[in-house]
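This report concerns the interface between two chains and one residue position. The structure under discussion is shown below.

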Amino acid sequence: MNAATHSAALARPPVPVMRITPPTRWWVIPFAELWEFRELVYFFVWRDVKIRYKQTAIGAAWAVLQPLLMMLVFSLFFGKLGNLGSDGLPYPIFYYSALLPWMYFAGALQNSTNAIVENQRLITKVYFPRLALPLSSVLSGLVDFGVSFLMFVVLMIYYGIRPTAAISWFPAILLLAILLALGVGLWLSAMNAIYRDVRYVLPFLVQFWLFASPVVYPSSRVPEKWRWLYGLNPMAGVIEGFRWSLTGRGTPPGHLLLISSAMVLLVLLSGVAYFQKMETTMADVA
Amino acid sequence: MTESVIHVAGLGKRYRVGERERYFALRDVITRAFTAPFRRNGAGKPKDYLWALRDVSLDVKQGEVVGLIGRNGAGKTTLLKLLSRITRPTTGFAEIHGRVGSLLEVGTGFHPELTGRENIYLSGAILGMRKREIEQKKDAIVAFAEVERFLDTPLKHYSTGMQMRLAFAVAAHLEPEILLVDEVLAVGDIEFQKKCLGKMQDISRSGRTIVFVSHQMGQIRRLCERVLWIDGGQIREQGPTGKVIAAYEDAALRAAQNTGRENVAGVFVAWELGGGGNILQDGLREVRFTFLVNLREPVRRGHFGLHIYNDASALIASWGFDDLLVEPGVQQIEITVPCLPLRPGSYSILSSLFNGGNNLTGGHLLEAWNAVPFLAIDTIPLAHKQEAWAGITNIPASLKVTARQQVSRA
C-alpha cells in the first residue's frame, strides 16, 4: 500500500467490522445495539399504533372507552355494592387511577406475547436485535395510555381533585410500570415463541393478576403483617404508586413500593436473560 | 490492495431434528417434567442432528460478485442467513467488513393495511436504512417502482406485480457495502426480472460486493465472476463461473442418469437456448434450442416435434423432424432456427419425441414435454406502437418516400 492509497484509506469513513460467532453471553443487555437500532424501534411502534387505529372503527376512542366502562362497572359493583373501600377518594377516581396503569400493563402483555410470533417472517429474513419487538410492543401501549390519561385529567377536574407534591413521584412510577411491562413481556414473548399455547394462558393470568393487585380494592385492606407478601406482586407497588402520586391520597411510598420495585428489577433482568437465551432458538423455530 | 470483506472460517450450523416437534405446548413440557422421574434413562429416541452447513471457509474480496449455486437444501440460504446474523453459527466464525444488506425475500416488512408510502418507510427501516436516508431516496424509489399514482392507497389494493416492484425498489436503493441476495430475482415477470438484473449490474459496477444465490445459470453467468458450489452443507467447488457451472451441470446430468429423475418417462431432461438460459434477446439472429434427453432405447426413424405457443395458448411456430437416429443414453439435440422474430413475452415450448415414425405413421410417443422453464422473449419491440395492432411477430420494417412524376390534371 503506497502513500496515495494509504491516505485514501484514511479518508474513507471507518468501515464497521462485525464478527459473527456462536452465541455466548446471554445475560448482558445490549444497550449499544438497541441504541443503534432505535429508529427501527420507533418504526415498529409507529407501525403498531397506525395499524391498531386503522383497523378499529372508533380508533382512539377505544383507548378512552375501555377504562371508562370498566371504571363504571367497578364503581357500581365493587364500590357501591361491594363496599370494598376507596381510601377516601370518589369511586371513579379511585378506580380510574388504577385502571390507567392496569390497562397499559395488560395491553402491553397482550401485544408482547404475540410480538415474536406475529413477526415470524421478519425474524427469518432480516437481522435486528429481537429485543426490539417486545420493546416496541411495550412502548406502543404508551400512546393509548396518553389518550386515557387525558380522560383522567378531565375526571380530576370534574371531581375537583388537585394533584399534590406527590405528583413529582409520577415519572418514576410510570417508568417502573414500563419496566415491569417490559420484563413480563420479555418472558411471555420468549415463551410464546417456543411454547405456542402460552397466549391462551395469558387471559387467565391477567384476570388472576388483576384481583391480586389493588385495582378494585385499596391495599390498606390487606392486613399489615401480610403486606410484605402482597408487595411481592410488583403491580401492587405500581398501582398504589400511581394512585398516590396522581391524587395525593392512598398509601404513600413505603415498604410496599420498595419490595415491588425490587421485584420489577428481578423480573426485568431475568426476562432479558431468558429472552436472549431463547433468542438463538427463535429464528430456528419460526 | 484488496482485502477480504467477508472472511469465513470453519462455519457450521447444526439443527436438531427428530425428537423435537416444531411447536411445543407448555402443557407438554409440564407433563414431561412430571413424568421425568418415571421415565427410564435413555429410553427416549436418540436426538438426530442435521448439519445444514459444515466447516465452510471462504473469502470474498471487495467488489467481487460471487455466485452461490447448489441444489435445494444444500445450505446456500443457511450461509446467507448466518452472514446476515439472522441465525447464529454452531461452530466457526465469520468476519464482515462493511454494512450488510440482506435481500432474502421481496417485500420484507410490508404490511397490507399501510399505504405504499408508509410501507416504503417501514420496509426501508427494516432493511437497515436510516429515516433521513429513506426520505432522500423516496422519490427515486417511487420512480423505479412506477407507483406514483398509488402512493397513498393501502398496499392490499396493489396488484402482485406492483407490490413486488415496490418491494424491489426499496431493496435496490439500499446501499450497503455488501449485498446478500437470495433468489429474489426469480420472482416476477420478465420486465421485472430484467429491471432487477439491471439494477444488480449497476450495484456491482459501483464497486460493491455481492453474494448472489440463484438457480438460473443465465443470471449467474451474467453477474458473477466467481462461483461457489455448495453441496450437502459444504463447498464442493469454487472458481471461475464457467468452470464451476460446467461442473455443476455435469454432476446434475450424471445424477439424472443414475436416478432416472422425477420424470417417470424420463426422456427430456432439460433445455436451454444456445447461449444459455431461457431469455431470448435478439430474434433476428440465429436461435438455437438445446435439448438434453436421456434415452433408454435406441431411436430409429424417430420424430422430434418442437412447438411454440404464446401466452394465449395460440400455436405460433412449429417444426417437425423425421427419420431421426439416436443412440440410447444422454444425448443433446440441437435445433437451429435462422431467426425467431416474435413479439416480446412469455412462450411455452412443447417438445415431443416419437420412436418408429411420427404420430401419423405409427410411431410411439416417448414423451411430450411442456418445457420448463418457459421461453422468455425479451427483445426491443419493433412492431406497431399501438398494442392492438402489435401482432404476433416482431419484424423490423423501414419506410421510404420517393417522389414520382406529377399526376397531371387534365
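Contact here means heavy atoms within 4.5 Å. By that criterion, 44 residues of chain A are in contact with 51 residues of chain B. The model is predicted, with local features requiring pLDDT of at least 70 and side-chain atom pairs pLDDT 80 or more, whereas totals for chains, interfaces and linings use all residues. Residues are numbered from 1 along each chain as its sequence is written, and side-chain values use heavy atoms, without hydrogens and water.

Buried area is the accessible area (1.4 Å probe) lost when two parts are put together, summed over both. The interface values are tabulated below.

| Quantity, chain A and chain B | Value |
|---|---|
| Buried area | about 4,300 Å² |
| Share from carbon and sulfur atoms | 61% |

On the chain A side, Met18(A), Ile20(A) and Lys125(A) lose the most area to chain B, together 17% of what that side buries.

The interface has 3 salt bridges, each defined as a side-chain nitrogen of Lys or Arg within 4 Å of a carboxyl oxygen of Asp or Glu. Lys50(A) and Glu118(B) form a salt bridge through their side chains, at 3.3 Å from N to O. Helix 3 of chain A supplies 11 residues, the largest share of the chain A side that touches chain B; helices are DSSP runs of H or I, at least four residues, numbered from the N terminus.

Ser140(A) belongs to helix 7 (residues 132-159) of chain A. Ser140(A) counts as buried because its relative accessibility is 1%, the limit being under 20% (1.4 Å probe, protein chains only). Beyond residues up to four places away in sequence, Ser140(A) touches Val45(A), Asp48(A), Val49(A), Arg52(A) and Asn111(A).

Notes: Chains are lettered from A and ligands numbered from 1 in the order in which they are written. Helices (H or I, at least four residues) and strands (E, at least two) are DSSP runs, numbered from the N terminus. Buried means under 20% relative accessible area, exposed over 50%, partly exposed in between (1.4 Å probe, protein chains only).
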